[in-house]
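Subject: Structure handed over, with notes

Hello,

The structure is pasted in below, and my notes on it follow. Please read them with the model open.

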Amino acid sequence: NFFFEMTYDKFKKIADYRKAAVATLKYIATRENQQGEGMNRTLFGGERTYQLGEAIEFVNTIQMKQLRLWHVIWSPAQTEEINEKKDLDLRKIARETMKYLQTIDPAMEFMVAEHNDHSDIAHVQGLVFVNGWIRRDDLIEMGKIALQEALEQRQSLDHGIDLIPLLQQSVQRTFEKSRSADWFIA
């Protein structure tokens, strides 16, 4: 199973919008890990990564038509077969999902952080900055894209893992043959 959700808060003043966005970015970038240690996570978006200061600067200069602050979270359930091994590339899943929104708003940006250190359930969460309305059907489609990417990764990873013993055996046989050939030549 795969959890994907986007919700929004609506604001009347740009100052309130920016304050909430900065607070959220600080939270996701610095939330403590399971040992209670402060973290300094790199935020990532579609084409780049952001340090917290860069993300705050972005928020403080952004111009939005509607003051909707979109929150997003991706979380493949670790208890299910899909991410039991906690080896899915959550960044890739996030980026593939967000490509869909770029068809609605090519200037869309998102800033999210991978959280795999404060909970047993690895997840990605953050903010999406989009001008325009995201319809319910769009959100459903994005959830399907996230699930499909996760399933493709799982299949690819499992296929690769199954090949490792075969590759090791092949290398071992090649090594043994080359040693036997060297002995016969000598």
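Is β4 mostly covered, or is it mostly open? Strand β4 is mostly covered, with seven of its nine residues buried. Buried here means under 20% relative accessible area, exposed means over 50%, and partly exposed is in between, with a 1.4 Å probe and protein chains only.

Basis of the notes

This is a predicted model, in which local features need pLDDT of at least 70 and side-chain atom pairs count only at pLDDT 80 or more, while totals for chains, interfaces and linings use all residues. Residues are numbered from 1 along each chain as its sequence is written, and side-chain values use heavy atoms, with hydrogens and water left out.

Overall

The protein chain has four helices and six strands, in the order β-α-β-β-α-β-α-β-β-α from the N terminus. Helices (H or I, at least four residues) and strands (E, at least two) are DSSP runs, numbered from the N terminus. Of the 186 residues, 37% count as buried. The chain exposes about 11,300 Å², of which carbon and sulfur atoms supply 51%; accessible areas come from the Shrake-Rupley method with a 1.4 Å probe, and for residues only the protein chains shown count as cover. Among contacts between residues at least 6 apart in sequence, 76% join residues at least 24 apart, where contact means heavy atoms within 4.5 Å.

Strand β4 runs antiparallel to β1, and nine bridges join the two. Strands pair if DSSP finds at least two bridges between them. Within β4, S75 stands opposite F3. Strand β4 also runs antiparallel to β6, through five bridges. Across that pairing, W74 has V124 as its bridge partner in β6, and V72 stands opposite G126.

Seven of the seven residues of β6 are buried, so this strand is largely enclosed by the rest of the structure. Q125 lies in β6 and counts as buried at 16% relative accessibility. Its C-alpha is 4.3 Å from that of I73, although Q125 and I73 are 52 residues apart along the chain.

Cores

The largest nonpolar core has 25 residues, and M6, W74, M98 and V128 have the most contacts inside it. At least two residues of this core come from each of β1 (2-10), β4 (68-76), α3, β5 (109-115), β6 (123-129) and α4 (136-185). Helix α3 gives the largest share, five residues. A second, separate core has 21 residues and includes V22, I28, I62 and M64. A nonpolar core is a set of buried Ala, Val, Leu, Ile, Met, Phe, Trp, Tyr and Cys residues joined through side-chain atoms within 4.5 Å. In soluble globular proteins, nonpolar side chains tend to be buried together.

Leaving aside residues up to four places away in sequence, V128 touches M6, W70, V72, M98, L101, M108, E109 and F110.

M64, from the second core, is found in the loop between α2 (52-61) and β4. M64 counts as buried, at 13% relative accessibility. Not counting residues up to four places away in sequence, M64 touches Y17, F129, V130 and N131. M64 and F129 are 65 residues apart in sequence, with 8.2 Å from C-alpha to C-alpha.

Helix α3

Helix α3 (residues 90-104) has 15 residues and reaches 23 Å from its first C-alpha to its last, close to the 21 Å expected at 1.5 Å a residue; the expected span is 1.5 Å times one less than the number of residues. Its buried residues are L90, I93, A94, T97, M98 and L101. An α-helix has 3.6 residues a turn, so residues three or four places apart point the same way. D89 caps the N-terminal end of α3, with a side-chain oxygen 3.2 Å from the backbone nitrogen of R91. A polar contact is a pair of N or O atoms within 3.5 Å; within protein, one must be able to donate a hydrogen and the other to accept it, and residues adjacent in sequence count only if both atoms are side-chain atoms.

T30

T30 belongs to helix α1 (residues 14-30) and is partly exposed, with a relative accessible area of 34%. A polar atom of its side chain lies 2.5 Å from the backbone oxygen of K26.

Regards
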